[in-house]
Amino acid sequence: MNQLLKGVAVITGAGSGIGKATSIAFARNGVTKLALADIDEAGLKSTEKAVAALNKDVEVLLVTMDVSIEQSVIQGIQQVVIRFGRIDIAVNNAGFGGPIAPSVDISSEDFRRVIDTNMIGLWMCQREEIKQLLRQDVVEVRTGVWSRGIIVNMSSTFGLTAPSQSTPAAPYCTSKHGIIAITKNDANTYSKDGIRINAICPGYVNTDHMRATVSDSEIMRAEMAKVPMRRFAEPEEIADAICFLASPMSSFMSGASLVVDGALPVGALAAIPTFFHPQTEDLDLPSLRTHVKMLAEAGIAGLVVLGSNGEAPHLSRDERVTVTSTVRQTLQDAGLAHIPIIVGASDASVKGTVALCRDALRAGGDFVLVLPPSYFRGAMSRETITDFYTRVADETPLPLLVYSFPAVSAGIEMDSDLIISVSRHPNVVGAKFTCGDTGKLARVARAMDAMTPNTTDPGSGSGYVCYGGLLDFGLMALVAGGSGFIAGGANILPRASVRLCENFRAKEFEKAMELQSILSASDWPHTSAGIAGTKYILERVHGYGGGPRLPLQRMRDEKMQDLWRRMEEGVRLEATFTG
């Protein structure tokens, strides 16, 4: 079993749905003592059985608790402490949807019942948990980081915005907004005591409870069409995000509201290499797994596989599937399945591109990144390129990002008008600008109402993303209205890349400018040296990297030292951000 988590955990609403999935995920990821609380005794026994089937060494306590009744909450938390002696992680998940109806059709009794359970019940649970955490000694959760305990509260994207007109739910929406306020207030109050409190905000989740609450299939299809991934979350995906918030990997997060809604992320994403054994040129999957975990732990918001940096043209279709599925499995094993995977899926024909998109779905990808066709360069008119993207977007099972990179597409330069026109298709959800044209990015971002790092309302805007394509102009892309950047340089400088986005989000522009100056100076040397340069630096810093597949050549010895000299300042800077 993995050891992402340790100690004693209590989960309310553990009898079904997200609570049950979280119980199983905690058992898989290292929790050894698990208190499962719910009003549904049969559901609790079902969850207990599932946990035992996974890991018979986990000690389970079943607690019958009605979170809307104060004495039930007090006695329930006391039971946990009497049995296990402490609480290390608490997940306050119990709640229900309440009526889906306009306010004029909702009774005050129904409104109060939702508030009493979802909001006041959660607050009472958190109050009793904090009382216990304050009595506990601190423990070291990572080098130099001490904690008394962690609380994760279940909110919703409707705690940040409002439901659509087809699904009005004032009681539920009010309760989830209140949970975020409770989370922020108590996180601010008790952070000094070594207590971290965060909220998680899922979109629609594919549970029996959700299906029973919103039974109209037409409404559900309409709501699903608004999700960039074109599906609802599975409970296990939300559970993995909860594992992240409950783990030392989120040790500098408190008072945050983590949105998990099937949308593309804003911030720093990494275009990862494909690694090969130096003698055989076969796929080096252990190095790939190590690299993915390193980037995820550094805070990278998303991963791009099989792009130009991933040597996609050098891979067979089977190898492409293997790379994507390995990255997906690595994230799942680390409890980080919420990190999205964008898969390069470019081919010269519509049919070939759609086939790669279907492969990407089968392998666990979330989105596809598609270059314009370029083999028959002379025939690629604006009309032909528009027709290509329209046909692919019609048929791909995954949402599509347009990839503007003239250097690898026979010099084809898609202007902003063309990209905007293509992006009007409902299955096109973003664009990547490795062309380096920030003016083009700005025009597309404005026309498509692109998400930015300062977009706090997941219901606002279009959900469309505009990513810069190099770390070299990361800040410039953000200033131009971009959503972040997908960068090869983020493989080498992931924490510095994340910090750049954090500085921009916090409006610390002088810090961001100073950091960008160093990142630009460090990004150019390995980028200009090609994939071999990026892999050489990874090899020197992390002990893996190797070389590209032939005919691309490894770096010659005489060039290695010069590259290292030019990269050394950035590598030293990256080390200062490592916790």
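# Chat: a barrel, an open sheet and their helices

Visitor: Where does Glu 281 lie?

Guide: Glu 281 sits in the loop between strand S10 (267–271) and H9. Keep in mind that this is a predicted model.

Visitor: What is the phi of Glu 281?

Guide: Its phi is near 65°. That is a positive value, in a residue other than glycine.

Visitor: Why flag that?

Guide: Because most residues other than glycine have a negative phi.

Visitor: OK, the barrel. Which strands close it, and in what order?

Guide: Eight strands close into the barrel, in the order S10-S11-S12-S13-S14-S15-S16-S17. The pairing is parallel. From one strand to the next, the twist averages 25°.

Visitor: How many bridges between S16 and S17?

Guide: Two. Strand S16 (residues 465–468) and strand S17 (residues 484–487) pair in the parallel sense. Tyr 467 has Gly 484 in S17 as its bridge partner.

Visitor: What does H10 lie across?

Guide: Helix H10 (residues 317–333) lies across strand S11 (302–305) and strand S12 (341–344). H10 runs at about 175° to S12.

Visitor: New topic: the open sheet. What is its strand order?

Guide: The order is S3-S2-S1-S4-S7-S8-S9, seven strands with parallel pairing. Strand S3 (59–64) and strand S9 (257–260) are the edges, and each pairs on one side only. Ignoring direction, neighbouring strands of this sheet are turned by 15° against each other on average.

Visitor: How is S4 joined to S7?

Guide: By four bridges. Strand S4 (residues 89–92) and strand S7 (residues 149–154) run parallel. Ile 89 has Ile 150 in S7 as its bridge partner. Asn 92 has Asn 153 in S7 as its partner.

Visitor: And S1 to S4? How many bridges there?

Guide: Three, and S1 and S4 also run parallel. Ile 11 stands opposite Val 91 in S4.

Visitor: Which residues of S4 are buried on each side?

Guide: Ile 89 and Val 91 are buried on one side of S4, and Ala 90 and Asn 92 on the other. Both faces are covered.

Visitor: Which strands does H1 lie across?

Guide: Helix H1 (residues 17–28) lies across strand S1 (8–12), strand S2 (33–38), S4 and S7. H1 runs at about 165° to S1. Helix H2 (residues 41–54) also packs on the sheet, where H2 touches S2 and S3. The direction of H2 makes about 170° with that of S3.

Visitor: Which helix holds Ser 175?

Guide: Helix H5 (residues 170–190). Ser 175 counts as buried, because its relative accessibility is 0%.

Visitor: What does Ser 175 touch?

Guide: Val 114, Ile 115, Asn 118 and Met 119, not counting residues up to four places away in sequence.

Visitor: Switch to H12 and H13. At what angle do their axes cross?

Guide: At roughly 30°. The axes of helix H12 (residues 382–395) and helix H13 (residues 416–423) come within 10 Å. That angle makes H12 roughly parallel to H13, since the cut-off is under 35 degrees. The crossing is right-handed.

Visitor: Which residues meet there?

Guide: From H12, Arg 382, Ile 385, Thr 386 and Tyr 389. They meet Asp 417, Leu 418, Ser 421 and Val 422 in H13.

Visitor: Last one, H18. How far does it reach?

Guide: Helix H18 (residues 531–542) reaches 16 Å from its first C-alpha to its last. It has twelve residues, and the span is close to the 16 Å expected at 1.5 Å a residue.

Visitor: What do its buried residues pack against?

Guide: Helix H9 (285–298), helix H17 (509–528) and helix H19 (557–576). The buried residues of H18 include Ile 531, Tyr 536 and Leu 538.

Visitor: What follows H18?

Guide: Gly 543, with a positive phi near 85°. Pro 551 is in the loop between H18 and H19. The peptide bond from Leu 550 to Pro 551 is cis, with omega near 15°.

Conventions
Residues are numbered from 1 along each chain as its sequence is written. This is a predicted model: local features need pLDDT of at least 70, side-chain atom pairs count only at pLDDT 80 or more; totals for chains, interfaces and linings use all residues. Side-chain values use heavy atoms; hydrogens and water are left out. Two strands pair if DSSP finds at least two bridges between them. Helices (H or I, at least four residues) and strands (E, at least two) are DSSP runs, numbered from the N terminus. Axes are lines fitted to C-alpha atoms, for helices over the stretch in contact, and angles run from 0 to 180 degrees between N-to-C directions. Contact means heavy atoms within 4.5 Å. The expected span of a helix is 1.5 Å times one less than its number of residues. Buried means under 20% relative accessible area, exposed over 50%, partly exposed in between (1.4 Å probe, protein chains only). Angles under 35 degrees count as roughly parallel, over 145 as roughly antiparallel, 65 to 115 as roughly perpendicular and the rest as oblique. A crossing is left-handed if the near helix is turned anticlockwise from the far one by less than a right angle, and right-handed if clockwise.
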